[in-house]
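Hello,

Here is the structure you asked for. Please open it first, then read my notes below.

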Amino acid sequence: MVAGKVKKPGKRGRKPAKIDLKAKLERSRQSARECRARKKLRYQYLEELVSSKERAICALREELDMYKQWCLAMDQGKIPSEIKALLTGDEQKAPQSSSNKIPKNGKYGSSGNSQSKTS
C-alpha cells in the first residue's frame, strides 16, 4: 500500500498487442530470405575479388620470372634485347618529358599517366 492505493500484482507497462502469428512468421521468413540474398551477393563479390587478385599474382610471377631470366643473362655477359630496347627508348624520350617517370610507390596519380598518352 502506497498512499492509500493498493498495488495489483502482475506486469507493469504496456501490454503486448496481439500479433497475428502467421504475419510474424511471414516477416521472419522474408527477413531470412533477404539475409540469404545479401550473403550470396557478398560471397559472389568476395569470389570475384579473390579471382582478380589471383590473376594479378600470376601476372606478377610471370614478370618476376622474366626479370630473373634477364639477370641470369646479364650474369653470363649477355644483354637481353628487351633491355637494349628499353635503354635506347629511354635515351630518346628522356629530354622530351619527365612526367612519364614512375613514382616511388609504382602507381600513377590521377594526372600522371592519362595526360602523357593524350598529348
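**What I found**

Leucine 46 sits in helix α1 (helices, H or I, are DSSP runs of at least four residues, numbered from the N terminus). This is a predicted model: local features need pLDDT of at least 70, side-chain atom pairs count only at pLDDT 80 or more, and totals for chains, interfaces and linings use all residues. Residues are numbered from 1 along each chain as its sequence is written, and side-chain values use heavy atoms, without hydrogens and water.

Leucine 46 has a relative accessible area of 31% and is partly exposed (buried is under 20%, exposed over 50%, partly exposed in between, with a 1.4 Å probe and protein chains only). Tyr45, Leu46 and Leu49 make up a nonpolar surface patch, with about 250 Å² of accessible area together. Areas come from the Shrake-Rupley method with a 1.4 Å probe; for residues, only the protein chains shown count as cover.

The whole structure holds one aromatic pair. Tyrosine 67 and tryptophan 70 are edge-to-face, 5.5 Å centre to centre with 70° between the planes (ring centres of Phe, Tyr and Trp, its six-membered ring, lie within 6.5 Å; planes under 30 degrees apart are stacked, over 60 edge-to-face, the rest tilted). Tyrosine 67 is partly exposed at 37%. Tryptophan 70 is buried at 13%.

Disulfides number zero (cysteine sulfur atoms within 2.5 Å).

Best wishes

Technical notes: Patch = residues over 30% accessible without salt bridge, like charges linked within 9 Å, V, L, I, M, F, W, Y side chains within 5 Å. Salt bridge = Lys/Arg side-chain N within 4 Å of Asp/Glu carboxyl O. Helix = DSSP H or I, 4+ residues; strand = E, 2+ residues; numbered from the N terminus.
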